[in-house]
Amino acid sequence: MTGDRGRTESTEDGVSPGGGIVAELGRMTGEERRAHEAEVAEAVAPDREIAVDVGDTLLEMRDVTVRFGGLVALDAVSFGIRRGEILGLIGPNGAGKTTCFNAMTGVYRPSQGQVLLEGRPLGRRARHQITRAGIARTFQNIRLFGEMTALENVVVGTDARHRTGAISALLRLPRLHREEREAVEKAMALLEFVGIADRAADRARNLPYGCQRRLEIARALATEPKLLCLDEPAAGFNPAEKEELMALIRRIRDDGYTVLLIEHDMRLVMGVTDRVVVLEFGRKIAEGRPAEVGEDPAVVAAYLGVPDDGVA
Amino acid sequence: MNAHIASRAGVRILARRVGEWWHGLSRFQQWGVLVPLVVLIYLLPVLNPPLLTTEPGTDFPIAMFNAARMALIAIGLNVVVGQAGLLDLGYVGFFAIGAYVAALLTSPDSALGVRYPWLVVVPVAMAVTMLSGVVLGAPTLRLRGDYLAIVTLGFGEIVRLLADNVEPLRGNRGFQQVAGPPGTHADGSPIFTQTGGTPWYWLVVTVIILVLVLVGNLERSRVGRAWVAIREDEDAAEIMGVPTVRFKILAFVMGAGVGGLSGALYAGQIGFVNNQKFDVVTSVLFLAAVVLGGAGNKVGVLLGAFVISYVPDRFQAVAEYKFLIFGLALIVLMVFRPQGLLGARQRLLARGRDAYRRLVGRPEQVVTKGPTPDSGRGVRT
């Protein structure tokens, strides 16, 4: 790995003195860097209306029930996600958090009830159409395209918004070149945003675990979602990495995205979310601000166990 | 055992060195290597090099034509198997359809009673096979993995059985005098004959180059990325907004079109089509070419096809045991080098080289390094 990089850098010096964004970043002063970060944020979310309609309901779960045979995994769950907030979805193991996620993103179809995005029911839309409608997600067990480079993984995300078809691709029509150029720029900006720009050229399967988690977030953001769903993004992280992740999630929200977060780590949930929904045995047992929920006796009994543990 | 490991490492290092050397060259330098190489490939049947020649057993230009034809088939099948990761065991069906369309439209034995020129027939043959790709793909591509493989196996058999049993397709009697491409020498004798392999070889090599360019264009675009994404993780691809069914059908259609084209070329060269050459074993041989060379890698697939077609022609003594030999070779390969002889990954971005140099400051990681112990915990491979 290191040998490889040494080799490519030495050939690189002869080709272009710039050495790309990564080398450039290293040379920047603090102020230049901040200006550059603003640019990146702009490129990541070009037409997001920040703070315009924060507060209205972006996604609504209306009496959603999911059954597997006789097992009721989700029992008439209703809650809303407001535009611009970070909503935490918590609950003990097997409470139905991931099922809830899957019902939202079209992996399962609700047996009863509806999922509405901006007031319109998602109905029987195919999964890729739900992504285009504006819901993106990451996976609890990382599912990247291992043989692709990090950059290509993110470009696949941007492809959700692309219109290049087989004919334009076969004949290399101008649309292909325009879309490819924009996609690469944007994907690179996203990699920078999540902090792994220096690994852009590496294959996803060769990335360290933390970078893979970040890459999943970048790939999901590339689909230009209205709602970003993160399924246990901190699983397997050490405390320092969790801190960085919390900062990243906040930056994503500040950039104008709405975030749904499933997480086991109570510290992370309480520290980063605006509101929390608590599930137990497929039912919603509480909803509210983290501090309130943390003191709710039902939640404490069901999930937090020892009261002191709650907001620790 | 130690020798085993050493030779295994040796092969890997060699493949890696060659790959790194090639990807380290500039565009211009690559052309400098490619152009003489292509000229040499074109000249092969004329040069008839002493060690390489298949004579006296097989006419060398014919052997080269057969190898080139196999290479074309392998490129088409590689789109389906290598890029999109859809295991197709009935690819010979498309090849057969191409050959039969050419026969039906040009042979005097055909009940249709038409004798269209070959140049008209080739696009028709491709269109019909592409359509059959949609017909096969649309209902079956919701299946995955093994299930899809079994359905495609069935498709290949259906095509063969139709050829056996449908009266207008003439079963074993077949079609005589299937037309070839037009053109005559100065003395009036036709250029494309059943005995002269060289013009056919040149034609197929030219077609291969064209198909490689077009397939490469698809590969380095949204289409190729969608295919690889489906291959790597179909569910994740769909959730990232890839319309998977549409792109899988597209892969089938592209593969089918190339299969039909090679079928029409084959029918034209042999001049005769009957139900004998389209069995499952032929499908498996096509697949072996792709897997041997390295599924997903175009150069590897060309190499694999050459080996599969050339070895039985060159070493007549072992030709009878070719399935045994290829079978053993595949087992050995799967144990020691599961990604195939050349396992380099494909590039998936248009003008990706420039993009990586400009934005990242170093080239993308292309060459396969084999399984790395430090590879991620989460990624399923």
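This dialogue goes through how to read several features of a predicted model.

Colleague: What should I know about the numbering and the confidence limits?

Modeller: Residues are numbered from 1 along each chain as its sequence is written, and chains are lettered from A and ligands numbered from 1 in the order in which they are written.

Colleague: How many helices and strands does chain A have?

Modeller: Helices (H or I, at least four residues) and strands (E, at least two) are DSSP runs, numbered from the N terminus. Chain A has 13 helices and ten strands.

Colleague: In what order do the strands of the open sheet of six stand in chain A?

Modeller: Two strands pair if DSSP finds at least two bridges between them. In chain A the order is β6-β7-β8-β3-β9-β10, and the pairing is mixed. The edges are β6 (135–137) and β10 (283–288) of chain A; each has a single partner strand, so one side of each lacks a neighbour in the sheet. From one strand to the next the twist averages 20 degrees; axes are lines fitted to C-alpha atoms, for helices over the stretch in contact, and angles run from 0 to 180 degrees between N-to-C directions. Within this sheet, β7 (residues 227–231) and β8 (residues 258–262) of chain A are parallel and share five bridges, and A:L230 has A:L261 in β8(A) as its bridge partner.

Colleague: Which strands form the open sheet of four in chain A?

Modeller: Its order is β2-β1-β4-β5 (chain A), paired antiparallel. Here β2 (71–82) and β5 (120–121) of chain A are the edge strands with a single partner each, so one side of each has no neighbour in the sheet. Strand β4 (residues 112–117) of chain A is joined to β5(A) by two bridges, and A:L116 pairs with A:P121 in β5(A).

Colleague: Which helix lies across β1, β2 and β4 of chain A?

Modeller: That is helix α4 (residues 97–104) of chain A, which runs at about 115 degrees to β1(A).

Colleague: Are B:E219 and B:D146 buried or exposed?

Modeller: B:E219, in helix α7 (residues 197–219) of chain B, is buried at 3% relative accessibility. Contact means heavy atoms within 4.5 Å; not counting residues up to four places away in sequence, B:E219 touches residues including B:Q83, B:R225 and B:K298. B:D146 belongs to helix α6 (residues 145–165) of chain B and is exposed, with a relative accessible area of 59%.

Colleague: What area is buried between chain B and chain A?

Modeller: The size of an interface is often given as the accessible area lost when the parts come together. Buried area is the accessible area (1.4 Å probe) that two parts lose on being put together, summed over both. Between chain B and chain A it is about 5,500 Å², with 55% from carbon and sulfur atoms. B:I239, B:M240 and B:R362 supply 15% of the area that chain B buries against chain A, more than any other three residues. The contact takes 54 residues from chain B and 61 residues from chain A.

Note on methods: This is a predicted model: local features need pLDDT of at least 70, side-chain atom pairs count only at pLDDT 80 or more; totals for chains, interfaces and linings use all residues. Side-chain values use heavy atoms; hydrogens and water are left out. Buried means under 20% relative accessible area, exposed over 50%, partly exposed in between (1.4 Å probe, protein chains only).
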